[in-house]
Amino acid sequence: MINLMTLKTTVTKPYSHQVSVIIPAYNASALIKPTLESVVNSTLTDFEVIVIDDGSSDNTFEVASNIDPRIQVIRQKNAGMSASRNKGIELSKGEFIALLDADDIWHPQKLEFQVNALNSNSQFDFCFTEFTSWHGENNQDFSVSKRSASIEPSLTGWIYHKMLLTNWALPSSVMFRKTAWDKLGSFICEDHQTDDWEYFVRASKTCQFVKLKESFVLYRQISSSLSRRVPEKNATEIMRSTLIKRFGYTSPDGAEVDHKELSRRSYNGHSHFADAHVARGKLSIGLKAFFQLLIKGPNRTKTMLTLLKSIFKRIKPV
């Protein structure tokens with residue numbers, strides 16, 4: 001017979017940390033140190049950092065490994081941004097997952113306010129914030145100025161019908177419950193331009209989001225040459241079409257997408273793709289894309305004017 005009085009009860013904590021910070025890094029040695037320091041300086045201190053060194057050929061591993069003992073650096077063969085995020089989340093032990101790109105910067109209060117927002121509102125599984133575009137200039141004012149935890153109502157709640165328009169949630173601003181990840185599954189690994197958008201749209205069909213109104217992220221803008229190779233497929237518009245086919249136009253609470261705005265954004269997406277190819281990419285791809293716009297309408301005059309301007313830019317590049 002078992003003596004219940006002699007049994008010892010062991011309570012196992014489901015999570016080792018409040019937050020797991022997931023950072024994919026590829027040849028990021030020149031930029032990752034201030035990124036990691038911005039995490040280390042967070043007002044919330046119960047976190048782990050998992051850096052996935054995605055086959056870097058520089059000393060990303062060494063730089064990231066020598067900043068703080070809470071930072072774990074995992075090396076893998078190059079697999080891309082989404083695969084690196086998946087690997088980091090699979091290894092994580094936090095109740096909440098916070099994504100961060102290796103060249104962006106966080107405000108010290110970001111983690112604290114996001115954890116509070118999710119803990120105070122159990123109906124929300126995802127929290128994201130406003131962000132500030134940044135070109136590497138001095139960020140002292142950003143880091144020392146205090147923030148509020150005010151919420152942006154227009155992008156809070158069931159926002160699937162708004163996520164179809166554009167990806168409002170910058171990955172470096174997003175935090176979500178690990179339980180939501182367990183339910184939703186992994187990021188797809190198809191195209192780095194659209195993988196995160198697909199994930200957040202997929203999430204918004206079953207999860208509610210809350211947005212903090214103020215900026216908690218410096219989103220680094222990397223200048224690039226106008227002669228860079230233009231992608232041969234219009235990944236954004238292909239993904240938008242795929243999402244609509246999979247999930248429709250309506251949020252779980254019945255709110256429907258603004259069809260006029262959706263049409264405008266879709267037209268602009270196709271037009272910009274066509275313009276980029278005619279102006280500096282593959283002429284055949286660009287002309288085909290313009291031809292399809294002219295057939296479908298309704299902005300045929302605008303399309304023709306854009307085509308002429310694109311041809312002029314190709315003949316006489318700036």
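The model is predicted.

I'll start with Ser173. Ser173 sits in the loop between α6, residues 160-163, and β7, residues 175-177. Is Ser173 buried or exposed? Its relative accessible area is 0%, so Ser173 is buried. Setting aside neighbours within four places in sequence, Ser173 is in contact with several residues, including Leu99, Lys110, Cys127 and Phe128. Gln114, Thr129 and Val217 are also among its contacts.

Now the charged pairs. Side chains of opposite charge can pair when their charged atoms come close. The structure holds 12 salt bridges, and I'll go through some of them.

One joins the side chains of Arg177 and Asp125, at 3.3 Å from N to O. Arg177 lies in strand β7 and Asp125 in strand β6, residues 124-134, so this pair ties together parts 52 residues apart in sequence. Arg177 is buried, at 13% relative accessible area, and Asp125 is buried too, at 14%.

Another salt bridge is between Glu232 and Lys282, at 2.8 Å. Glu232 is in the loop between β8 and α9, and Lys282 in the loop between α10 and α11, so the pair links parts 50 residues apart in sequence. Glu232 is partly exposed, with a relative accessible area of 44%, and Lys282 is partly exposed at 43%.

Next, Glu261 and Arg265 meet in a salt bridge at 2.9 Å, N to O. Both lie in helix α10, 4 residues apart, which means about one helical turn separates them. Arg265 is partly exposed, at 23%.

Technical notes. Residues are numbered from 1 along each chain as its sequence is written. This is a predicted model: local features need pLDDT of at least 70, side-chain atom pairs count only at pLDDT 80 or more; totals for chains, interfaces and linings use all residues. Side-chain values use heavy atoms; hydrogens and water are left out. Helices (H or I, at least four residues) and strands (E, at least two) are DSSP runs, numbered from the N terminus. Buried means under 20% relative accessible area, exposed over 50%, partly exposed in between (1.4 Å probe, protein chains only). Contact means heavy atoms within 4.5 Å. A salt bridge is a side-chain nitrogen of Lys or Arg within 4 Å of a carboxyl oxygen of Asp or Glu.
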